[in-house]
Amino acid sequence: LKFAFDLAHSYRIQAEANPVAHIDRVLFPQLVRSIQHLARFVNARPENLALVPNATTALNTIFSSVPLQAGERAIILNVGYGSVKKMLKRAANINGAIVQEVLVTLPLLDEDSIVRAVIETMDATESSLGRCALAVFDVITSNTAIRMPINRLVQVHVAGGLACLYDDTESVTFICQEAKKRGVLSIVDGAHAPGIVPLDLQELDADFFVGNLHKHVSIGRPSH
């Protein structure tokens, strides 16, 4: 981490010493080089990657562009990441869509309680509201550090005909394929995935994948 921090700092000093030369002759080639390295790391085509400050920025951009329709629903667990819930609700409200929070009661006795909560939420509202277009989950929740039973939740949502937002790359490939069959966008929140789990974005074939490089890949934080 110190090596990465020191290298980033050296580029900042270089940029301040001669901003024009840095932007015109150094920055762009280095960005291309970084994207090429990242593409090999996550097995993606370089032209399909974009560097942004963090996963929150990426998700906010995507949520603002998702074509949710009036009456459609997006489901997220109440233990999901706070800023993701706020961004999703904002995007839904603009278009008259609805965000439903699935209640997960703590402490958890077993993983069945999460699966039951998701099923009950769908069954209680499916007949009176529009179709469920998006479902948001974390593999490990931020504040409560719960490892979600993603494999079982995938099966629940395949049966329900939903597109799901997961950050578990081993389980999400199939649901992304199912989403494509239904014409539904799949968005994978992999904020903690790079450097923790192997990534193959071409095999995953999601419409969108977001992740952070400052957590477990040891680059400097963007604010630095």
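Leaving aside neighbours within four places in sequence, H22 is in contact (heavy atoms within 4.5 Å) with Y11, Q14, A15 and L27. The structure is a predicted model, in which local features need pLDDT of at least 70 and side-chain atom pairs count only at pLDDT 80 or more, while totals for chains, interfaces and linings use all residues. Residues are numbered from 1 along each chain as its sequence is written, and side-chain values use heavy atoms, with hydrogens and water left out.

H22 sits in helix α2; helices here are DSSP runs of H or I with at least four residues, strands are runs of E with at least two, and both are numbered from the N terminus. With a relative accessibility of 10%, H22 counts as buried, a label for values under 20% relative accessible area, with exposed meaning over 50% and partly exposed in between (1.4 Å probe, protein chains only).

The partner of α2 (residues 19–42) is helix α1 (residues 2–17), and the two pack at an angle of about 140 degrees with their axes 7 Å apart. Axes are lines fitted to C-alpha atoms, for helices over the stretch in contact, and angles run from 0 to 180 degrees between N-to-C directions. α1 is therefore oblique to α2: angles under 35 degrees count as roughly parallel, over 145 as roughly antiparallel, 65 to 115 as roughly perpendicular and the rest as oblique. From α1, Y11, Q14, A15, E16 and A17 meet P19, H22, V26 and Q30 of α2.

Beyond residues up to four places away in sequence, L88 touches F63, A74, I76, V99, L134 and V136. L88 and S64 are 24 residues apart in sequence, with 8.4 Å between their C-alpha atoms.

L88 also belongs to the largest nonpolar core, a set of 22 residues in which L59, F63, L68, V84, L88 and L134 have the most contacts. Such a core consists of buried Ala, Val, Leu, Ile, Met, Phe, Trp, Tyr and Cys residues joined through side-chain atoms within 4.5 Å. The elements giving it two or more residues are α3 (55–65), β1 (73–77), α4 and β3 (132–136). A second, separate core of twelve residues includes A39, V188, L199 and A206.
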